[in-house]
2 protein chains.
Amino acid sequence: MPIPPESFLLDRSSPLPLQLQLRRQIIGGVLEGRFRPGEKLPSTRSLAQQLGVARVTVTQAFAELVATDYVCAKDRAGYFISDSIDLALDVGDPAPKAAAFSWGEHLDGRYARAQRSDRVADWRRYDFPFVYGQADPQLVDLAAWRDCAVRALGRREFAPMTGDLYGEDDPELIDYIARHILPRRGIRARPDEILLTLGAQNALWLIAEILLGQGGECAIEDPCYPGLREILSHTRATVRPVSVDPYGLPPQHLPAGLKAVFTTASHQCPTNSTMPVQRRRQLLRIAQERGFAVIEDDYEFEMSFSGSASPALKAMDRAGAVIYIGSFSKSVFPGLRLGYVVADARVVQEARALRGLVLRHPPGVLQRTLANFMSLGHYDAQLNRMRGAYADRRTIMSAAIDSHGLCRTEGGQAGGSCFWLATPYGVDSARLGQVLRDRQVLIEPGPPFFSDRAKGGGFYRLAYSSIPADRIVEGIGRIARAIDEIVRS
Amino acid sequence: MPIPPESFLLDRSSPLPLQLQLRRQIIGGVLEGRFRPGEKLPSTRSLAQQLGVARVTVTQAFAELVATDYVCAKDRAGYFISDSIDLALDVGDPAPKAAAFSWGEHLDGRYARAQRSDRVADWRRYDFPFVYGQADPQLVDLAAWRDCAVRALGRREFAPMTGDLYGEDDPELIDYIARHILPRRGIRARPDEILLTLGAQNALWLIAEILLGQGGECAIEDPCYPGLREILSHTRATVRPVSVDPYGLPPQHLPAGLKAVFTTASHQCPTNSTMPVQRRRQLLRIAQERGFAVIEDDYEFEMSFSGSASPALKAMDRAGAVIYIGSFSKSVFPGLRLGYVVADARVVQEARALRGLVLRHPPGVLQRTLANFMSLGHYDAQLNRMRGAYADRRTIMSAAIDSHGLCRTEGGQAGGSCFWLATPYGVDSARLGQVLRDRQVLIEPGPPFFSDRAKGGGFYRLAYSSIPADRIVEGIGRIARAIDEIVRS
């Protein structure tokens with residue numbers, strides 16, 4: 001690709017000759033890697049025109065650069081960045097010539113410091129990736145998604161796709177969610193009770209901010225989704241972790257004085273337990289009596305392939321105290337970044353205003369593409385395919401776990417996409433994770449899920465959403481061997 | 001579309017007979033509008049299977065509903081929601097049977113209350129929409145965008161498109177911005193100095209939050225972009241508005257003790273003035289001396305069709321004190337929701353962590369589609385087309401403004417997409433806007449741009465980015481007539 005003439009700017013108030021300025025810019029671009037060996041420079045004519053200088057100024061600058069071997073001239077074809085430059089030459093930080101600005105005084109680094117560091121971005125390079133929440137190219141119907149994207153990009157759809165929607169959402173997608181997705185969870189909602197978000201992470205953040213941004217006490221499950229703990233740590237809320245048992249969050253252990261309770265009732269994250277109906281009633285009754293809101297993160301209900309999903313808490317909520325959060329990250333793909341909130345219209349109105357402040361709205365074209373993907377039946381077809389594949393993988397993995405004597409925990413009867421396992425006494429899951437990484441196996445050690453990280457050393461999560469079925473047995477075998485070695489050492 | 005069997009859920013612990021529960025759910029769905037006249041109910045067999053009840057239970061429920069005319073049976077085709085239901089019947093709020101949850105105690109409504117209310121969502125219905133910042137179907141190359149989207153959705157691109165990227169951005173897009181977009185503004189940046197955002201709004205929010213979330217003083221231009229004032233009102237910062245003159249923000253009027261200054265130096269929003277180079281140097285020198293950060297919102301540089309764009313403040317910044325914000329909302333389309341921050345790597349790291357907390361990352365498929373749109377040359381072609389059309393419209397509009405005697409303000413020599421006008425003495429622009437709405441003309445009254453709204457009554461903005469050239473003269477004529485009438489009344 002040729003380097004555009006606009007890449008160069010001269011400072012006419014500078015005492016430096018223009019020709020020298022131009023040479024310095026080209027050399028700087030080469031040394032900093034912005035211009036690469038073999039790239040074509042603009043023609044002397046076009047560059048002179050752009051800079052408003054005589055053409056001879058540019059010609060002279062280029063000739064100097066040819067002499068110093070930064071640039072080479074090819075007959076008729078023009079000037080090119082030289083191939084023979086030693087790019088191993090590292091000139092270090094390109095910029096500041098003045099005293100550097102003291103950013104240390106301006107930034108407290110609270111967000112970077114609190115960030116999760118346990119996720120492995122290059123998980124695809126591992127042979128046995130038991131990672132959670134990523135997409136599987138075998139299961140996503142990319143061709144259908146592409147067709148739906150092309151439909152969403154038709155002339156007729158120009159306005160909803162390209163426009164600034166201010167605070168609004170695509171009515172077609174909202175309609176589909178209200179009439180076809182929520183009824184599967186027993187939930188009834190009007191359009192003004194639904195808000196689209198940039199995935200469930202964004203939904204949790206918006207709700208935490210409007211309910212707890214100014215302070216107050218809230219309860220979370222322990223262990224829980226690490227992203228939720230991170231979100232709450234940046235509000236002024238006081239967070240009370242409540243240990244889950246094999247039936248999820250025990251309502252009788254909730255402390256007094258709460259403004260909100262966060263729960264993954266249908267599929268506890270990460271233990272996979274399902275809260276029984278009696279306990280759900282108890283939770284809602286207590287919420288009503290004590291006046292706290294219940295935030296239900298129903299993050300994986302579509303993957304309940306063993307037996308039908310129990311109704312959502314929101315479906316049983318007669319008082320309107322439940323804020324329901326759903327996501328398309330698991331059922332379509334996570335890079336889509338679309339999720340939703342279902343709640344009392346006042347909650348939705350406030351969350352919508354905050355969403356508008358922070359990001360305006362999720363991109364219109366993705367909203368309409370998803371609406372097409374659903375209404376044309378691809379969504380249900382993909383879900384069926386995923387459920388089938390997950391059921392197969394779960395069966396294989398379950399057998400391998402048992403035959404290798406790995407220790408399961410209770411929960412997970414409804415399906416989902418992972419197992420939650422316990423290590424033998426004395427085996428730290430973080431260390432196990434490190435040992436296994438060198439053997440091409442990725443697991444998720446327990447510590448980030450727990451309020452007291454030390455408690456997580458005895459647990460780890462193994463997902464089967466991104467590992468091919470024929471890799472599972474060997475992967476489990478490697479885990480079992482690594483555990484054995486640690487126990488014996 | 002048939003109603004899915006999963007739309008129904010029975011509560012086995014309820015004292016109500018299952019058959020009655022099913023009937024109530026169907027009636028409820030009809031009355032609430034979830035089920036619509038003519039929609040097909042699931043077959044009795046599939047519904048009985050889904051609910052785990054005898055088929056006769058479903059058959060009896062359907063028979064009852066046929067008798068009460070909620071449902072009609074068609075031979076062999078099955079059961080349908082009846083067409084003859086009087087849907088004018090409004091049963092009001094569908095839900096709470098228990099005492100309603102007191103959301104008033106939980107929500108302070110601060111976000112909804114502070115929200116802008118001046119934007120007209122249905123602007124496309126007006127014949128003369130002088131609205132700012134929306135897309136024009138005549139100028140966006142939708143066919144090229146569609147091709148680029150299809151490329152981005154190829155199998156080879158599966159991982160960057162569909163995956164959870166954690167905190168990362170598409171390296172192809174970052175590379176293109178660093179090597180082809182930023183050089184046009186004289187800016188050099190490494191990949192770790194660039195962060196993608198959900199549009200410039202998201203960029204402003206992230207930067208305001210990391211610099212001023214915990215308090216401190218900052219200066220803004222007065223008038224300025226209303227969204228910035230809204231963002232800052234939700235931080236703990238003290239905001240000092242500084243009146244702009246025909247050359248933008250006067251650095252000598254900045255108060256002492258600032259942590260940050262927000263400026264639209266190259267194209268002041270909304271007055272369109274350009275800050276001269278001497279004043280830019282002065283601003284950067286003061287920033288360095290007093291230790292405040294400069295946030296440069298370069299929101300419309302691609303639209304500088306009259307004369308070449310002056311270099312960005314960031315290009316002159318030797319100390320690294322400038323945080324630069326760019327956007328693709330104007331140059332591609334606003335519904336894309338993609339923008340970027342260029343700053344010291346420490347600033348980018350902290351903003352990236354906050355972005356991850358709030359929304360993870362902009363959708364991967366849009367990042368890659370935009371990278372394709374640029375590298376295949378469509379971006380530059382579209383910019384040229386836009387600049388040409390805007391220049392034509394500006395010429396027409398400028399003549400119409402002068403011939404009708406409307407009062408321009410100084411500034412706007414570099415082009416852009418709007419004029420900033422003054423009303424005659426005694427004519428309030430908010431009232432003018434209301435009068436014109438009834439005459440199919442949309443203008444943007446001044447008050448939302450000013451810290452003291454009353455000062456804005458004498459100004460209004462007229463954009464030509466979404467109005468066809470052949471509507472401009474008549475639109476300006478209507479504005480002039482409305483002003484005349486108000487003056488005389």
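User: Why is B:Lys314 called buried?

Analyst: In this predicted model, B:Lys314 has a relative accessible area of 12%, and buried means under 20%, while exposed means over 50% and partly exposed lies in between (1.4 Å probe, protein chains only). The model is predicted, with local features needing pLDDT of at least 70 and side-chain atom pairs counting only at pLDDT 80 or more, although totals for chains, interfaces and linings use all residues, and side-chain values use heavy atoms, with hydrogens and water left out. Residues are numbered from 1 along each chain as its sequence is written, and chains are lettered from A and ligands numbered from 1 in the order in which they are written.

User: What makes the pair of B:Asp317 and B:Lys314 a salt bridge?

Analyst: Their side chains meet at 3.5 Å, N to O, and a salt bridge is a side-chain nitrogen of Lys or Arg within 4 Å of a carboxyl oxygen of Asp or Glu, so the pair meets the rule. B:Asp317 counts as buried too, at 9% relative accessibility.

User: Why is A:Arg125 called exposed?

Analyst: A:Arg125 has a relative accessibility of 65%, and therefore counts as exposed. Its salt-bridge partner is A:Asp122, at 3.8 Å, N to O, and A:Asp122 is partly exposed with 30%.

User: What makes the contact of B:Thr264 with B:Glu221 a polar one?

Analyst: The two side chains come to 2.6 Å, and a polar contact is a pair of N or O atoms within 3.5 Å, where within protein one must be able to donate a hydrogen and the other to accept it, and residues adjacent in sequence count only if both atoms are side-chain atoms. B:Thr264 is found in the loop between β7 (260-263) and α11 (277-290) of chain B, and, with 8% relative accessibility, counts as buried.

User: How do you know how chain A and chain B are related?

Analyst: Chain A can be laid on chain B with an RMSD of 0.1 Å by a turn of 180 degrees and a shift of 0.1 Å along the axis, where copies are superposed by least squares on the C-alpha atoms of residues with pLDDT of at least 70 in both. The two copies are thus related as by a two-fold rotation axis. The same surface serves both copies, since 100% of the contact residues of chain A recur in chain B, contact meaning heavy atoms within 4.5 Å.

User: What makes up the contact between the two chains, in residues and salt bridges?

Analyst: The contact takes 119 residues from chain A and 122 residues from chain B. Four salt bridges are counted between chain A and chain B, and B:Arg36 and A:Asp175 meet in a salt bridge at 2.8 Å, N to O.

Notes
Helices (H or I, at least four residues) and strands (E, at least two) are DSSP runs, numbered from the N terminus.
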